[in-house]
Structures are given as structure tokens and as C-alpha cells.
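Here are a few friendly notes to read alongside the structure. Take them one at a time and find each residue as you go.

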Amino acid sequence: MDLPAPPTNYPKTLSSIILCRRRPDARAGRRPEAINNCAGQRLSRPIVFPPRASAHDNHHNSLLQPPGRDRERAVVARSGAVVAPPLPPPLLLPEMPSPTIRRLEVASPVPADIDIANSVESLPIADIAAELRLRPEHYDLYGKYKAKVLLSVLDELKGQQDGYYVVVGGITPTPLGEGKSTTTVGLCQALGAFLDKKVVTCLRQPSQGPTFGIKGGAAGGGYSQVIPMDEFNLHLTGDIHAITAANNLLAAAIDTRIFHENSQSDKALFNRLCPPNKEGKRRFADVMLRRLMKLGISKTDPNELTPDEVRRFARLDIDPESITWRRVMDVNDRFLRKITIGQGPEEKGMVRETGFDISVASEIMAVLALTTSLADMRERLGRMVIGNSKSGEPITADDLGVGGALTVLMKDAIHPTLMQTLEGTPVLVHAGPFANIAHGNSSIVADKIALKLVGKGGFVVTEAGFGADIGTEKFMDIKCRYSGLVPQCAIIVATIRALKMHGGGPEVVAGKPLDHAYVSENVALVEAGCVNLAKHISNTRSYGVNVVVAINKFASDTEAEMNAVQNAAMAAGAFDAVVCTHHAHGGKGAVDLGLAVQRACESQAEPLKFLYPLESSIKEKIESIAKFYGASGVEYSEQAEKKIEMYTKQGFSNLPICMAKTQYSFSHVPSMKGAPTDFVLPIRDVRASIGAGFIYPLVGTMSTMPGLPTRPCFYEIDVDTATGKVMGLS
């Protein structure tokens with residue numbers, strides 16, 4: 001498909017770029033020097049071909065060797081009529097497209113997401129891996145279309161220079177979502193399939209909660225999707241199931257330990273923990289040595305412990321009222337938010353209240369997303385704090401003896417899953433923490449692998465959940481602190497629909513038709529709502545990165561409305577603001593965005609600036625974030641005050657903060673749209689994810705277990721029994 005001809009005047013976007021590829025009927029060895037027409041337009045200069053790359057090209061090492069013959073490249077030509085801001089250097093396009101790149105035949109109106117996904121046959125994932133220069137020993141196949149990329153690839157690539165690092169956030173969304181995942185995928189399709197850049201998309205694995213609930217899946221949408229879409233949105237390679245199993249094993253270990261300690265003497269408890277073998281010899285399990293070290297006991301022979309040491313070792317003396325560890329499942333089940341356990345007659349009256357969180361809110365998910373190696377994950381899992389002893393000492397998973405077993409359950413989940421977009425560009429899917437509950441970003445290890453695979457001049461685009469006030473903030477202040485990676489560009493996805501809502505438009509409710517205000521031109525409403533966009537731009541720029549606004553265009557949006565958003569974005573300090581049609585046209589509709597992102601990355605010069613120093617107190621850090629939202633102050637419940645004091649005494653005050661807050665407002669009240677100010681942010685509770693490495697305050701009524709609506713998405717989901725294909729996923 002040819003791109004449209006360039007306009008006669010420059011309209012603030014880079015849509016005048018013409019991409020000239022070799023004609024499909026051109027034979028190998030025949031250079032199309034005479035071809036200097038594209039989309040019916042005469043080029044201002046002929047196509048130029050650079051020399052072939054040297055065998056010693058420093059962009060490749062022993063792992064990154066080209067799988068086949070070198071490909072000649074053609075220059076992107078531009079209309080001589082373009083007079084505009086500085087454009088990037090000439091972009092090189094392959095004379096012959098990569099064998100994994102597809103050309104999509106788009107339909108209008110755009111079909112359902114699942115129909116588009118089912119209409120495109122996935123390439124064998126080994127082909128996608130080969131285009132990334134991955135050898136078979138560096139990945140494990142999970143069927144035909146998925147593979148786990150092994151962390152060992154990082155050792156071989158450690159000398160490789162990183163590519164550009166781009167994070168995608170958004171404005172405060174409507175309940176329908178504003179297409180942030182779709183934009184992430186569309187941008188990468190543009191960079192890889194149209195601009196010939198090495199690119200890897202890094203996304204979170206969707207939770208089955210929203211997939212079957214109100215939001216639907218997170219594979220993207222329209223002609224910018226990850227495929228196979230049904231596998232991406234459902235079980236994938238079982239990582240969330242592994243997290244669920246590990247989380248609930250730890251929950252069972254907690255209550256079981258309390259039960260046995262309540263029913264046994266110190267001696268009996270110790271004898272069962274360290275039973276003699278057939279020769280009558282006792283030994284400590286390796287994980288027990290960690291507890292002994294924590295207690296300051298250097299003995300390694302169980303028979304040498306004094307009665308006092310036996311008591312300290314064997315009796316954790318967990319305070320049931322202090323337990324923060326809850327069970328999880330990957331389903332939106334509001335009736336499990338608060339439950340009572342231990343009502344069976346055999347539990348001898350050990351009844352206590354607890355509850356369920358959704359699996360992606362588990363600290364184990366956060367550990368997976370923030371870990372840097374298998375050894376690091378083992379340490380993080382072992383030091384997760386589940387509550388306190390009655391004397392106020394934190395109790396960890398390793399104190400319970402279960403840290404090693406948790407790591408075994410997670411040992412395969414640590415490897416990112418390789419998939420592909422509709423247009424054949426590579427995707428790494430890994431971890432799936434919600435941004436309104438947890439830190440909302442895919443894994444550090446996936447980003448690190450991707451940055452090495454694309455190398456110098458390549459691009460890694462990763463998505464941060466929900467609005468930039470929570471997802472991008474946590475990306476910068478938590479993820480980048482632990483990874484040491486520095487982004488060159490931050491994208492903020494905006495829609496006319498959401499801006500109208502922030503400008504005072506009627507309530508947007510999932511499952512109900514949009515009000516007339518959202519499908520007819522209303523520039524004044526858009527301009528009023530741009531206060532939300534401006535606040536996100538200002539906040540994101542404070543980190544020292546260039547900000548590009550991606551205006552995700554809907555069919556009902558008008559040119560006047562989009563011009564209003566572009567003007568507001570540039571006035572607020574955006575590096576660029578670009579209209580995108582990737583939902584309707586795939587990567588072709590995000591070429592301008594790709595070019596803007598390239599320019600933003602190439603011109604990035606400032607160092608990364610964090611919102612707060614780790615040395616600040618817990619309250620000071622919370623209040624820095626609250627001010628970032630626009631709050632005039634913070635109000636702490638009595639419970640939150642006690643928790644902050646306790647975590648400070650336990651030595652955890654130097655951790656970053658991960659706010660659990662509604663995604664629908666800068667404030668704690670979802671109905672407060674725009675950019676509210678002078679509100680007081682209420683902190684009802686404070687919890688600690690010590691293994692993951694952050695403190696997380698619960699703001700207002702924020703729940704860690706979502707509920708199902710009256711008409712969930714599962715009404716539409718079924719299987720075609722004749723073909724076995726999934727229907728109705730969105």
C-alpha cells in the first residue's frame with residue numbers, strides 16, 4: 001500500500017514523508033535507480049544506496065550475526081515543498097523488506113480486534129527470533145508462536161551498546177481507555193515496518209480480570225496488535241498462574257505456621273523442623289541458615305543450639321493482626337475482598353479475617369517486574385515481609401522457610417515471552433502489575449534484553465500503565481531507580497474523547513453509548529480539557545525527558561479539534577504533538593509519530609531527575625507525590641500513621657513510594673476531572689513490599705480486588721467449535 005502524497009503546505013506534522021520501497025516485482029540484483037516516483041509523486045532527488053555493511057560492523061557481535069545476505073537500503077525521500085522544523089537525517093529503508101515484515105490490507109470500517117487478529121497468520125516465532133539475531137540456544141519454544149527468551153542472552157550481549165529507550169504514558173483516561181497499548185504497538189510497527197529501525201515492543205501481560213471484566217484485553221487494537229491475540233490475553237506462558245501459585249503457597253505457609261506454633265512446645269516444634277535422619281543426625285535446611293544468620297546465631301549443627309536459641313529459631317510468634325499477606329486469584333471477584341478463614345473444626349478456633357487481591361497486585365508480580373537476575377529474584381522473594389512478630393520484628397518468607405520454593409515456582413516466569421505484532425515486529429511480554437495498585441510497568445529484564453538486541457540507533461518502546469501521573473511516575477521513580485536505565489523520550493497518549501470529558505463533558509460509562517458531545521465537534525470543550533494534558537506534560541518534563549504527545553485519532557474527531565490539542569500541547573512544552581491513525585492503518589498511521597520520537601531521542605541531553613530523594617522520610621516522599629498530583633496537603637489515618645512509624649523503625653524508610661490511587665483523576669476522587677488543585681489527599685493505610693522494594697500507601701477507597709460490572713466482557717467471549725478459534729475478545 002502506498003502512503004498518501006505529500007501536502008502542498010506543512011501542517012505541523014511530518015505526514016509529508018514518503019516511504020519508497022523496492023517494487024514487489026523487482027528481481028534480486030536489479031537496482032531501481034530509475035524508480036523515483038512514490039504514490040504518484042515526483043521525488044526531489046533520486047534514491048541513493050549506501051555501501052554494504054562491513055563484516056566487522058560494530059553493531060553486531062557473536063550473538064548478533066546477520067542470518068542471511070546483507071540487504072541494500074534506500075533513502076526516505078521528502079517533498080521539496082516541505083518547509084518545517086528541522087527533520088531527522090535521511091532514514092534508510094531496506095531494498096527488500098525483512099522476511100518477517102507484513103503488509104496489511106486494511107478495511108474500513110475497522111473490523112473487531114479479534115477478527116483482525118484471526119485474519120493474520122502468525123509467523124513461526126523462530127523467524128522473529130532470527131530477525132533479532134537470537135540463536136536457538138537463547139530461547140525456549142512455547143508452541144509455534146511464543147518463546148521464552150532466556151536471561152543468559154544478557155551475558156553474551158553485555159558489550160553491546162543500548163538503543164533508545166521510550167516510555168508511553170497517557171492523559172487521565174476514560175473508563176474506555178485511550179489506546180495507550182494500541183499506540184505503543186502502532187509506533188513500533190511504524191519504526192520497524194516502515195522506518196527500518198530495529199525495534200522491540202515491551203508490554204505487560206494482561207490480567208484475566210479486566211480481560212473478562214470491563215476493560216477487555218491489552219494486546220492493542222485495530223491494526224496495531226500483538227498476535228496471537230487470544231494467547232496474549234489469556235494464559236500466555238503461565239507466568240500469572242505461577243505468581244498465583246507462589247503467592248498462595250506463602251499464604252498457606254503463614255497460617256500453617258501459626259497453627260503449629262499454637263499447638264506445640266518449643267522442643268516439639270524444633271524436632272519437627274529439624275528431624276533426625278535414619279542415622280539419627282539432624283541438619284538445617286539451607287533456608288534455615290538464613291534465619292539463623294538473621295538471628296545472629298553462627299552455629300550450623302542443630303544439636304548445639306541452646307534452649308533459648310531453639311525457641312528463637314523455631315518460634316516465629318507471628319502476630320495475626322499484623323499479617324499483610326493476602327491470597328490472590330486472577331479474576332475480578334468482589335466477594336473475596338474480605339473473608340474469614342479457619343472456620344473448619346480441625347483448625348481449633350484459629351479464625352481470622354483476611355481477603356483476596358487480584359493476582360497482578362501480588363508483591364510477587366512486583367518482584368518479577370523489578371528483578372534483574374535469578375539470584376536477585378531469589379533474594380527479593382526471600383525478604384518479602386508478611387507481617388510482624390508479637391515483639392514487632394518483621395517476618396519474612398525466608399523466616400517461614402519458603403523463599404527457595406517460591407523461586408522454584410517462578411524460575412520459568414523470570415524469562416520474557418517473545419511474540420510479534422500484526423506487521424511482524426518483535427514484542428517482549430513480561431510481568432503485569434496494575435499501575436493503580438502496583439507500579440504498572442513491564443519487567444526490567446525484558447527492557448534490558450531488548451535494549452541490547454536493538455543496539456545503537458534502535459528503539460525499545462515500553463508502556464507504563466494508565467495516566468502519566470501514576471504509570472510514568474512509577475516508571476521513573478521506581479523502575480528506573482532499580483534498573484539504572486534512562487529514557488530519552490516519554491510519550492503521552494491523548495484522545496479528543498478524554499479531553500472533552502476533562503473539559504466538562506458528560507460522564508463516560510463503559511457499556512453505554514457515548515453522549516452526542518463526544519461524537520460531534522466541540523472545540524471549546526476540547527480546549528477546556530487540555531488543562532489535563534498540560535499538567536501531564538509539565539509533570540513528565542520535570543524528569544528531564546523530551547515529551548511527545550500522540551493524539552490517537554477517532555473517526556469522529558475533526559481537524560479543528562486536533563489542531564486545538566496540538567496548539568495546547570506545544571504551549572505546555574511538548575517536544576512535538578502528532579496525530580496518529582495507527583488503529584485504522586497500522587504502522588503506516590504512526591510514521592509521523594515514529595519520526596517525532598526519533599528526533600526527540602536524538603536531541604535528548606538532560607540527565608534523568610527523580611521526583612524525590614530516597615533519603616527523605618516516608619511522609620516527605622508521599623507529600624512530594626501528592627504535590628505532583630496537585631494536592632495542597634496529605635491527611636493520614638491513624639492506621640497509616642502507625643504503619644509509617646513502624647516501617648521507619650524497621651529500617652524501610654529509604655524505599656521509593658508506590659501510590660495505590662484511582663486512575664480516573666489526579667486526585668483520589670474519580671469524578672474530579674481536569675487538573676484539580678487544593679484537594680487534600682487521604683492516606684487510609686500504608687503497606688510495604690520489601691521484597692519488591694517499595695512502600696505503597698493506599699489512597700482513599702482504592703481497592704486491590706476489582707469487581708465485575710453488570711455486563712462483563714465475558715458475555716461476548718466464546719469459541720468457534722468448528723475451527724477452534726476464539727471469538728469476542730477485545
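1. A term to start with: a residue is called buried when its relative accessible area is under 20%, exposed when that area is over 50%, and partly exposed in between. Phe 284 has a relative accessible area of 5%, so Phe 284 is buried. Phe 313 also counts as buried, because its relative accessibility is 4%.

2. Please keep in mind that this is a predicted model. The average pLDDT of the protein chain is 85, and 85% of the residues score at least 70. Residues 1-96 need care: the pLDDT there is below 50, although this stretch has 181 contacts in the model beyond near neighbours in sequence.

3. How many aromatic pairs does the structure hold? There are 6 aromatic pairs. One of them joins Phe 284 and Phe 313 edge-to-face, with 5.3 Å from centre to centre and 65 degrees between the planes. This pair links distant parts of the chain, 29 residues apart: Phe 284 sits in the loop between α8 (266-273) and α9 (286-294), while Phe 313 belongs to helix α10 (residues 307-314). Together with Phe 270, these two residues, Phe 284 and Phe 313, form one aromatic cluster.

4. Now look at Phe 694 and Tyr 696. Their ring centres are 6.3 Å apart and their planes stand at 80 degrees, so this pair is edge-to-face. Both Phe 694 and Tyr 696 are buried.

5. Lys 619 lies over the face of Tyr 636, 4.7 Å from the ring centre. Lys 661 lies over the face of Tyr 629, at 4.8 Å from the ring centre.

6. Lys 643 deserves a careful look. Lys 643 is part of helix α22 (residues 638-649), and its relative accessibility of 16% means that Lys 643 counts as buried. Which residues does Lys 643 touch, not counting those up to four places away in sequence? They are Thr 324, Asp 685 and Val 686. A polar atom of the Lys 643 side chain lies 3.3 Å from the backbone oxygen of Val 686.

7. The side chains of Lys 643 and Asp 685 meet in a salt bridge, at 3.0 Å from N to O. Asp 685 lies in strand β26 (residues 680-689) and Lys 643 in helix α22, so the pair ties together parts that are 42 residues apart in sequence. Their C-alpha atoms are 7.5 Å apart in space. Is this pair buried or exposed? Both Asp 685 and Lys 643 are buried.

8. The count of salt bridges comes to 35. Among them is the bridge between Glu 379 and Arg 290, whose closest N and O atoms are 3.2 Å apart. Glu 379 is in helix α12 (residues 374-382) and Arg 290 in helix α9, so this bridge ties together parts 89 residues apart in sequence. Glu 379 is partly exposed, with a relative accessible area of 35%, and Arg 290 is partly exposed at 31%. Salt bridges that share partners join Arg 290, Arg 378, Glu 379 and Asp 398 into one network.

9. Finally, turn to Asp 576 in strand β24 (residues 576-580). Asp 576 counts as buried, because its relative accessibility is 10%. The side chains of Asp 576 and Arg 599 are joined by a polar contact of 2.8 Å.

Conventions: Residues are numbered from 1 along each chain as its sequence is written. Side-chain values use heavy atoms; hydrogens and water are left out. Rings of Phe, Tyr and Trp (its six-membered ring) pair if their centres lie within 6.5 Å; planes under 30 degrees apart count as stacked, over 60 as edge-to-face and the rest as tilted. Helices (H or I, at least four residues) and strands (E, at least two) are DSSP runs, numbered from the N terminus. Buried means under 20% relative accessible area, exposed over 50%, partly exposed in between (1.4 Å probe, protein chains only). A charge sits over a ring if NZ of Lys or CZ of Arg is within 6 Å of the ring centre and within 35 degrees of the ring normal. pLDDT is the predictor's confidence in each residue, from 0 to 100. Contact means heavy atoms within 4.5 Å. A polar contact is a pair of N or O atoms within 3.5 Å; within protein, one must be able to donate a hydrogen and the other to accept it, and residues adjacent in sequence count only if both atoms are side-chain atoms. A salt bridge is a side-chain nitrogen of Lys or Arg within 4 Å of a carboxyl oxygen of Asp or Glu.
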